[in-house]
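Hello,

Here is the structure I promised to pass on to you. Have a look at it first, and then read my notes below with the picture open beside them.

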Amino acid sequence: MTGRPALEVSALPQHGFDTRAPLWWGNLFLLMIETTMFGILVATYFYLRQNFLLWPPPHTHISPFLLDPVPNLLIPTINLFVILLSCVPMFLVDKAARRGDKLVAQIGLLICIIFAVAAIILRWKEFWGIGFTWDENAYGSVMWFVLGMHMLHLMTGLGECVFLALWVFLRKFDEKHRLDITVLAVYWYWIAGVWIPLYAIIYFTPRWQ
Amino acid sequence: MTEKQKKSEKAFAPEVDERELHKLERTWEEPRGIMGFLMTTNHKTIAKRYIVTAFIFFLLGGMEAALMRLQLSRPGNNLLNPDLYNEIFSTHGTTMMFLFAVPIMEGIGLYFVPLMVGTRNVAFPRMNAFGYFIYLIGGLFLYTGFFLNVGPDAGWFAYVPLSGPEYSPGKRVDIWGQMITFTEIAALVGAVEIITTVFKQRVPGMSLNRIPLFVWTQVVTSFMIIFAMPAVMLASQMLPADRLISTHFFNPAEGGDALLWQHLFWFFGHPEVYIIFIPALGFISSIIATFTRRAVFGYTAMVLSLIATGFIGFGLWVHHMFATPLPQLGQSFFTGASMMISIPSGVQVFCWIATLWSGKIHMKTPLIFVLGFFAIFTIGGLSGVMLASVPLDLQVHDTYFVVAHFHYVLIGGAVFPLFGAIYYWFPKWTGKMLGERAGRWHFWLFFIGFNLTFFPMHWLGLKGMPRRVYTYLPEMGWSYGNLAASIGAGVMALAVLVFLVNVLKSLRVGEVAGDNPWGAETLEWSVSSPPPVYNFFYLPTVNGRNPLWSQMEETPVVVGLSTECREVLVTNILDAEPEHRYELPGPSIWPFLLALAVGETFTVGIFTPWGFPVGAALSTLALFGWFWSKPKSEGVRALEKPKTRSLDEARLSEEGA
């Protein structure tokens, strides 16, 4: 061929899962960026908290007057479980994508979409359970920011689910998109995982002062 | 020519099958015309755009500097009014940091990392194209504002409350904030590209301990971008939010905090200095190895120092805030860290000195610039150690002493090596050598002009001249120092002019370079100048840290990648053993459209909140179009069942061949 010894690679597969896939790494670095971002947001939360004697601050601007307006726990807690539970169908979709089981992947993706929509609707209600709008004080600003940033990721995850479902239903269950599904699963687990400490921080730590 | 070089040239000239070559060329060809311009995904084309665009911003930033020096050349001057002066120094700093330094360093990385690790394109070519367009939009946005008299005027770090809604009404700071958003997206995209390419697309044989030092610097820089940029990503959303939708992050009246801005900004801003400086270390290592004809002394120590610099770089941010109320323990910690960072820098400098000492020195322009770096960076380092101590810092805070210091480290640490790198790699980019005589004129004019400009500023600072004043009174005794600095700025401008003439002349009538004019060691020199669009006909394999110096005829090449679709070889992260083949996407218009959609979001967003939902919808559409396209291999290889084969079998075929 060239007169030089050759390393023949034509028989290697065209795709690999997990650490073999460049896409998996690209997603990992994206998540490193986003995790750092949430870490700094948490630092911001505690930094601003130093400026307040009472956190959350007393609700004095408008009625009803509340001395200790801790955020409502019911809907956020339901949503936490919705988000965590959604990892189950995602896990099954992930496994199905690896096996090449199209039917399970299709059904699983639809269930994930339902979960994601539910989480976003509940999140919308969470905003109004804070008791402050973003422009009332720094507490309101940072709460809206944390919830909003996480909601953006929920929406991105939903978008990816919808896209991959469309591809699998309308086109085919090819190797490239099976890989995409497994990478989406990593992203999804991260969305759920990162919410556990964030939930604890914004909803529980104000009750412990 | 040495024996080694002869061998390497022979070893890298395998016989090439003309038909296959033609096919490969057609597969990787970029579309022409205006659509081609918008659609290209070739890393070399995009990297060249980064470099040229960033250099144009460098010239603009330089002109702003020249205007400031004209204004300050004599006391009581009224060439520029105070408001315009504010805009000009803010735009100068912003341009040099965000639109010049970071993009040009990443641009050079995006050009050479794939060539040095031996692959055909970066890992995510369309993202790469998107990154460039978003950077360009950011730069154009800032300068559109600047020319319409809405350029930023609160300094390049835009401290609140000055930059807040109360003291900076109007759109100036909003434009600054969104420009930050654009450039940081571009920087993050570039960082992910570079790390993934290095981790997954190295040629077989290039284990982690054989990666060229240049590539290591790019990896460390990219990781620093990943951990530093999110801080400013948040900050550059919070500030416009405070200004546009009345949040209170930085408003003390409602529990916000002005110092929060400083923490967020400098948590990014200090690593930023290293994000600019560390790639320059890579240029220096490449240049020194080539012009001393030996590998850089102490490879492992060099790599560990780079990584240490990357870590310690995150423990310094508060030394920008010594003049704010801080707990004493904090001051001590950040003083200690600021002094500690000189240790890994020192290790590297000593390794280079050892290399120069024991090598055979060829005194060409790139090396001269590196030697200039040593002189200037050392002075900058010394004033840095001084500033790291709190009592001295408090005395000279916000004076010209600080201005002198950071120009010594940034121009000395980044721009001198950058010019060296341009002289060094210009032959690879264009196929022509830059003029050597003009190069020496350029160096000496720049070196003398630089010292004449910035050395007197140490003295001006100690005499109490504050930064960012548009003029001063004759009684202050600052006139001679300022006049000297202004003359020096003129000499620097002349030096840059010599450089530009040199570039234009060399492009037309420069000496033809050939593949490896300097007899260098890394893989980019094994291909033609400029490199073919697919980089390598056969991907090489490597058997050491200095492939072109150690390569033998029996070093195998990689065969079996498709010439019908844009296929690259994916290898594992530690030892670069082949894992699978992988098709990269070809030209696409969607990255450009997505950049427009994101551009709409943040530019219209500062005028009406509707910019955000509309932008989100447009971006979703663009992303949908982007991902809905089918890969080319579907038609080409649909019938071919991929056979999985173990690595041992792959190795067997290597031995058998």
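Let's start with a pair of strands in chain B. E1(B) and strand E2 (residues 557–559) of chain B run antiparallel and are joined by 2 bridges. In this pair, B:Pro540 stands opposite B:Val557 in E2(B). Please keep in mind that this is a predicted model.

Which strands make up the sheet, and in what order?

Next, a hairpin in chain B. Strand E3 (residues 567–571) and strand E4 (residues 578–583) of chain B pair in the antiparallel sense over 5 bridges. B:Val568 stands opposite B:Tyr582 in E4(B). There are 6 residues between E3(B) and E4(B), and B:Ala576 in the turn has a positive phi of about 55 degrees.

Is E3(B) mostly covered or mostly open? It is mostly covered, with 5 of its 5 residues buried. In a regular strand, side chains alternate between the two faces of the sheet. Here B:Glu567, B:Leu569 and B:Thr571 lie on one side, B:Val568 and B:Val570 lie on the other, and all are buried.

Now for two helices. Helix H5 (residues 82–117) and helix H6 (residues 125–147) of chain B pack at an angle of about 165 degrees, with their axes 11 Å apart. An angle over 145 degrees counts as roughly antiparallel, and H5(B) and H6(B) are therefore roughly antiparallel to each other. H5(B) passes H6(B) in a left-handed crossing. The residues of this contact divide into 9 nonpolar, 5 polar and 1 charged. Among those from H5(B) are B:Phe98 and B:Leu110, while H6(B) brings residues including B:Asn128 and B:Tyr135.

Is B:Asn128 buried or exposed? It counts as buried, because its relative accessibility is 1%. Leaving aside neighbours within four places in sequence, B:Asn128 is in contact with B:His43, B:Ile46, B:Leu110, B:Val122, B:Val189 and B:Glu193.

Finally, find B:Pro391 in helix H14 (residues 390–396) of chain B. B:Pro391 counts as exposed, because its relative accessibility is 59%. B:Pro391 and B:Trp525 are 134 residues apart in sequence and 50 Å apart in space, C-alpha to C-alpha.

Enjoy exploring!

Best wishes

Conventions: Residues numbered from 1 in each chain as written. Chains lettered and ligands numbered in written order. Predicted model: local features only at pLDDT ≥ 70, side-chain atom pairs only at ≥ 80, totals over all residues. Heavy atoms only, no water. Axes fitted to C-alpha atoms, helices over the stretch in contact; angles between N-to-C directions. Helix = DSSP H or I, 4+ residues; strand = E, 2+ residues; numbered from the N terminus. Parallel < 35°, antiparallel > 145°, perpendicular 65-115°, else oblique. Left-handed = near helix turned anticlockwise from the far one by under 90°. Contact = heavy atoms within 4.5 Å. Nonpolar A, V, L, I, M, F, W, Y, C, P; charged D, E, K, R; others polar. Pairing = 2+ DSSP bridges. Buried < 20%, exposed > 50% of the residue type's maximum accessible area, 1.4 Å probe, protein only.
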